[in-house]
Amino acid sequence: MNLTPDLALVSRAAVVAAAVLAVALTVALDRLAGADRGPTLRRRLVLGVPWGTLTVAALVLAVYLFVQGGWDHWYRPVVLPFRAWSYLAPLGVAVSAFAHAGPGHLLGNLFGTLAVAPLVEYAVGHFPRRRGASSFGSARSNPFVRAFVLFPAAVVAAGLFSGAFALGPVIGFSGVVFAFVGAALLYRPLGTVVALSAAGALSTGYRALANPVVVASGRSAYITPWWADIAIQGHALGLLVGVLLAAWLAAARGDDLPRPRRLALGALLVGVEQSLWAVYWFRGGETFVLYRGIGVALVALSAVLVAALAVGRGAPPADSIRAALRSLTPRRGSVAVLLVVLAALSGPALFVNLVAVSDVPLPGDPVEVRGYAVTYAEDVENGMVSVVDVEAFGETTSVNTSGVIVRNPDRGVWTTAVSKGRLAFAGRQRVVLGGVGWREVVLVERRGWTTVGGDGPAYRVTLSYDGETRLAFLSNASRAEPRIEGRAVSVVPTESGFELLVVGGNRTARAPIPGANETVTANGLRFERDGRAVFALAGEGNASTGNVTGTRVRVATRERYGGRNG
């Protein structure tokens with residue numbers, strides 16, 4: 001009897017009931033202790049609710065559902081055209097900060113927004129703080145305008161900045177989330193650390209509802225370094241923007257900031273916990289280099305700069321550079337350094353994002369889909385990284401790549417959509433192409449054989465689209481190490497499939513790889529198929545060779561992909 005569906009339903013009900021009960025009891029205990037925060041929240045926010053945060057979260061979700069097609073394809077939205085590829089393709093730059101690569105990416109940023117953005121919205125407030133100011137004296141002071149228009153508009157502006165100055169074809173709301181983190185950090189440093197933990201709690205609660213019962217076992221997987229999936233430049237850029245904007249707001253309104261040691265501790269904990277130390281470089285192929293030591297040192301120094309923003313805020317304004325130097329305070333010095341760092345982080349994007357994708361034809365016979373070209377190639381120059389040729393510290397931007405390549409010059413797209421290693425593991429991958437209101441899928445398949453003791457597999461890659469399948473790539477032949485009756489056996493990929501090449505005795509012969517439970521003969525050797533393996537039958541009827549009659553020698557095995565047969 002299968003009780004899993006009932007157990008899942010009961011588990012979901014238990015999660016919801018426990019959450020509601022915990023919140024209700026906590027609020028009741030708070031009131032008994034005389035620490036009800038309701039009136040305080042309502043003095044800063046309309047009805048005590050962060051409406052601007054909810055509006056922004058709804059906007060981000062709407063982009064995923066309706067612009068990227070996530071409503072019909074929750075797990076496979078259209079992604080490629082909504083990355084920030086180039087200023088020459090403004091759609092991607094404009095939408096990239098609000099689009100996402102998948103549901104996990106989306107939900108992670110939404111949970112971060114819901115946890116941290118309310119701290120910023122509370123600090124800004126829906127109601128004017130100047131003494132004697134009327135809440136409805138102007139549109140700017142209207143609490144509903146501030147909650148539903150001005151706050152979301154400022155967030156959209158931060159998103160556009162993130163898309164315009166991010167380095168490389170980034171996608172996702174994380175740059176803006178880190179701007180929230182930076183702004184909240186200056187007002188509530190330790191509260192920001194707690195809020196980030198709350199984002200993790202929201203994520204865990206969601207997973208408990210979505211998958212309350214999980215049965216798992218060991219399995220093979222293709223894994224790249226987790227830190228190589230972090231848009232570290234975009235995160236750092238957002239954090240700096242948030243910190244500087246909050247510093248400006250605090251100075252303009254005369255807000256008191258926490259003590260420097262609290263700011264330093266909060267900034268250090270946030271930087272470490274959010275992996276801002278993960279400074280890395282892409283070396284080419286599927287190799288990445290992590291500069292962990294340098295990253296940790298940068299996080300520590302950044303924490304000191306954030307702490308310095310709370311010192312020397314009362315210094316009079318300077319009317320010249322000389323006067324500014326004479327009245328230099330830790331705060332002014334920190335702002336100057338942070339502005340220089342901000343320029344250093346965002347400046348390279350101005351050049352990189354102005355470069356057009358080369359119109360040099362892709363190798364092979366690409367599939368053409370409404371301006372996109374899809375092919376498979378190995379050891380070709382990476383057209384995305386190599387637009388700027390720079391060498392430093394033994395690394396270079398001129399690197400090669402192998403895998404499924406997608407190019408669209410009109411959209412500024414040049415990317416390795418599926419790496420060689422990932423396709424070799426999975427055997428089959430879908431590449432989603434599209435734009436606003438449309439999507440198409442190209443199916444990429446790899447089939448291959450590994451020879452016994454050979455120096456690599458022999459494989460072929462095909463592309464399928466709109467009912468048509470075409471050959472995209474043939475690898476080199478793979479020769480088996482055993483020599484059978486003085487003959488060398490190789491597996492050769494061909495346009496139609498695979499063949500056995502037998503060389504020896506001054507003869508060369510070919511034969512197709514036999515089907516299941518079939519046999520073929522080539523150059524005096526008989527080969528038979530047994531499941532996924534091909535065996536050569538050695539010594540039959542030829543005692544002069546010295547082999548035992550009827551010896552079976554395995555020469556090749558069909559590749560297995562992701563735990564399944566190829």
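1. **Basis.** This is a predicted model, in which local features need pLDDT of at least 70, side-chain atom pairs count only at pLDDT 80 or more, and totals for chains, interfaces and linings use all residues. Residues are numbered from 1 along each chain as its sequence is written, and side-chain values use heavy atoms, with hydrogens and water left out.

2. **Whole chain.** The chain holds 14 helices and 22 strands. Both are DSSP runs numbered from the N terminus: helices are H or I with at least four residues, strands are E with at least two. Of the 566 residues, 44% are buried (under 20% relative accessible area, 1.4 Å probe, protein chains only). Take contacts (heavy atoms within 4.5 Å) between residues at least 6 apart in sequence: 59% join residues at least 24 apart.

3. **Helix H3.** H3 covers residues 51-67, 17 residues in total. It reaches 23 Å from first C-alpha to last, close to the 24 Å expected at 1.5 Å a residue. That expected span is 1.5 Å times one less than the number of residues. Its buried residues are Gly52, Thr53, Val56, Ala57, Val60, Val63, Tyr64 and Leu65. An α-helix has 3.6 residues a turn, so residues three or four places apart point the same way. The buried residues of H3 pack against H4 (90-95), H5 (103-124) and H6 (143-165). Just after H3, Gly69 takes a positive phi of about 80 degrees.

4. **Phe180.** This residue lies in helix H7, residues 174-187. Phe180 counts as buried because its relative accessibility is 6%. Leaving aside neighbours within four places in sequence, its contacts are Thr113, Val116, Ala117, Val120, Phe151, Val155 and Phe173. Gly238 is 58 residues away along the chain, yet the two C-alpha atoms are separated by 8.1 Å.

5. S3 (367-369) and S4 (372-381) pair in the antiparallel sense over three bridges. Pairing requires at least two DSSP bridges between the strands. Val369 has Tyr372 in S4 as its bridge partner. Two residues sit between the strands, and Arg370 takes a positive phi near 50 degrees.

6. **S4 with S7.** S4 also pairs with S7 (400-408), in the antiparallel sense, over seven bridges. Here Tyr376 stands opposite Val404 in S7.

Methods:
Buried < 20%, exposed > 50% of the residue type's maximum accessible area, 1.4 Å probe, protein only.
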